[in-house]
Amino acid sequence: MKILLPELKRIFQKAPIGIVVVLAMDIAEIVLLSLIPFVVGSCIDGLFARNYFWFYVLIILQFLLIIFRVSNRVIDTRVYERIIESERNSYYENAVQTNSDDSQISSRLNLVDEIPNFFEVELIHMIDMFGGIISSLVYILITSGLLLFLVAVVVSALVYIFTMKFHKEIAANNIKLQDYDETKERIILSRNEQCFKHFARAILNLRILNSDLEAKSYLITDILQAGLLIFAIGFTIYMGNHTSGQLFSVITYIMMLNERVCEINEVRVRIYDLVDSVSRLGKNEK
């Protein structure tokens, strides 16, 4: 992480105003999406009572989402693609001066995009993930009480703990895959069929291993989270003090919580990948 933060700071300084504007719109979109299950649930109850206030709120939210999404798409590309272009040119000039291997240059040019993409994709993903977890737990606590809240927290923690080791292995395998990618063109140009077959088999084995690790992670995650969802529905119905709209909101927030918790380890893998990318690009500059 020590090598990652200075690099992120350097990228941010290339277009601070543009990045902040795009981030602000992304965060606004995340907040609006987090509110929608609550608003839809309230809208359902309101329509049964012939009260249209939350229906109007829902319409306003949808229009705001459209405005933020369209504006974001327009500005986002203009900000980040210029940064990526600058980074690619800078890396290529440095690689030529240091006489780097052609295969390595080709592979690492793809890695150059990942640093600006942290602000465009990964950071937003992290904010959305934590925002979804917090908003879901807060609603569950306020609406359904302490018991369901604690069960949700415990199940979410168990999902993270039980799947953590699988994603660590996936991150380590990704580093090996990137090592192979940097030698790909060299292997192809060698015209050695046996060497290429060995190269292709090694990549295949790593991808199969990652797929198996993901399958194990999904199995544990799906069992725990299905149990949480079933318990939440049964508990909410058993308590009998929820309206139809509140029941809808509770179920939706449980599903949102499950989805966001699944993303925690995936984000960790992406951070490991990003640190590896920064390390490789840094070595090229020495």
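Predicted model: local features only at pLDDT ≥ 70, side-chain atom pairs only at ≥ 80, totals over all residues.
I started with a pair of helices: H6 and H8 are roughly antiparallel to each other, a label for angles over 145 degrees. I checked the numbers, and their axes come within 10 Å and cross at roughly 175°. (Axes are lines fitted to C-alpha atoms over the stretch in contact, and angles run from 0 to 180 degrees between N-to-C directions.) I sorted the contact of H6 with H8 by class and got 24 nonpolar, nine polar and five charged residues.

Numbering starts from 1 along each chain, and side-chain values use heavy atoms, without hydrogens and water.

Next I looked along H8. I found 47 residues reaching 68 Å from first C-alpha to last, close to the 69 Å expected at 1.5 Å a residue (that is 1.5 Å times one less than the number of residues). At the N-terminal end of H8, I saw Asn 192 as the cap, with a side-chain oxygen 3.1 Å from the backbone nitrogen of Gln 194. Just after H8, I noted Gly 240 with a positive phi of about 65°.

Then I went for the largest pocket, and its volume came out at about 260 Å³. (A pocket is an open set of points on a 1 Å grid where a 1.4 Å probe fits, with protein on both sides within 12 Å along at least five of seven lines; lining residues have an atom within 4 Å of a point.) It has 14 lining residues, and closest to the centre are Asn 174, Leu 177, Gln 178, Asp 181 and Arg 207. H6 gives the largest share of the lining, five residues.

The C-alpha trace spans about 75 × 40 × 30 Å along its principal axes.

Conventions. Points joined across faces, edges and corners; volume = space filled by probe spheres on them. Helix = DSSP H or I, 4+ residues; strand = E, 2+ residues; numbered from the N terminus. Parallel < 35°, antiparallel > 145°, perpendicular 65-115°, else oblique. Nonpolar A, V, L, I, M, F, W, Y, C, P; charged D, E, K, R; others polar. Polar contact = N/O pair within 3.5 Å; in protein donor to acceptor, adjacent residues only side chain to side chain.
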